[in-house]
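Visitor: I am new to this structure. Could you show me how to read its main features?

Guide: Gladly. Let us look at it together.

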Amino acid sequence: MEIVASWTKSLCIDISQGHMSNHLSDGKPEAAEQSDKVLATWNVLDVGTGNGLLLQELAKQGFSDLTGVDYSEGAIDLARSLADRDGFANINFLVDDVLETKLDRQFQVVVDKGTLDAIGLHPDGPIKRIMYWDSISKLVAPGGILVITSCNNTKDELMREVENFNQRRAGTFQESTETPSRDQEARGGTPIFRYLNHVRSYPTFMFGGSVGSRVATVAFLRN
């Protein structure tokens, strides 16, 4: 979790400083006090937060506007208890199902550590994954980022899933000609999400002549 949190911090700083195009630059973040000011402007949502420890790690990195949601009331109670115990009472925890979210705000950073994996294991996984992407696309603010950490999907698989979502949304809006106010970006051919970068520091292994990692963390920009 520390790797994901520190990498997300660097990602946000690079974007704020204009270093980001399709991937992170090799530039160094500026002074810590300036970085803290930058991070204070980024609000963060953790979907399927579980025990909330990823948000604690993000708080240690300097993020201050932090919200965690989980459909399990027990998980939220645990996350609140751990946050209070560890001195992170400012983190906001809510009971909410990302597939049928009731949240009425958007976030500049949305992080997912294992939620998409869990959804994929459900008997109705393919349908629920569609619901997941439809919901996530509404939660990430334009210009914001989605950071997915997965143990069940490779970087390339996550990129293909995002591309499938982009194509599905584009096709949906092209078929709708009666409401010209609907999602101009999709009808104009601009993908909703595009790849930014992925964590390269995870341990790798070789199997069958291919090099891989047991964990993938990939960031996508919301256009």
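Guide: One caution to begin with. This is a predicted model.

Visitor: Let me start with the sheet. In what order do the strands run?

Guide: Read across the sheet, strand by strand. Here 7 strands form an open sheet, ordered β3-β2-β1-β4-β5-β9-β6, with mixed pairing. At the edges are β3 (92-95) and β6 (193-198), each pairing on one side only. From one strand to the next, the twist averages 20°.

Visitor: In which sense do β1 and β4 pair?

Guide: Strand β1 (residues 43-47) and strand β4 (residues 107-113) pair in the parallel sense, over 4 bridges. Within this pair, V47 stands opposite D112 in β4.

Visitor: Which strands does helix α3 touch?

Guide: Helix α3 (residues 53-61) packs on the sheet and touches β1, β2 (65-70), β3 and β4. Its direction makes about 175° with that of β2. Helix α4 (residues 73-85) also packs on the sheet, touching β2 and β3. The direction of α4 makes about 170° with that of β3.

Visitor: Now a single residue. Is N166 buried or exposed?

Guide: Compare its relative accessible area with the cut-off: buried means under 20%. N166 has 7%, so N166 is buried. This residue lies in helix α7 (residues 155-175). Beyond neighbours within four places in sequence, N166 is in contact with P191, I192 and F193.

Visitor: Why does R129 count as buried?

Guide: Because its relative accessibility is 18%, and the cut-off is under 20%. R129 lies in helix α6 (residues 125-139). Leaving out neighbours within four places in sequence, its contacts are L116, I119, G120, N153 and E161.

Technical notes
Residues are numbered from 1 along each chain as its sequence is written. This is a predicted model: local features need pLDDT of at least 70, side-chain atom pairs count only at pLDDT 80 or more; totals for chains, interfaces and linings use all residues. Side-chain values use heavy atoms; hydrogens and water are left out. Helices (H or I, at least four residues) and strands (E, at least two) are DSSP runs, numbered from the N terminus. Buried means under 20% relative accessible area, exposed over 50%, partly exposed in between (1.4 Å probe, protein chains only). Contact means heavy atoms within 4.5 Å. Two strands pair if DSSP finds at least two bridges between them. Axes are lines fitted to C-alpha atoms, for helices over the stretch in contact, and angles run from 0 to 180 degrees between N-to-C directions.
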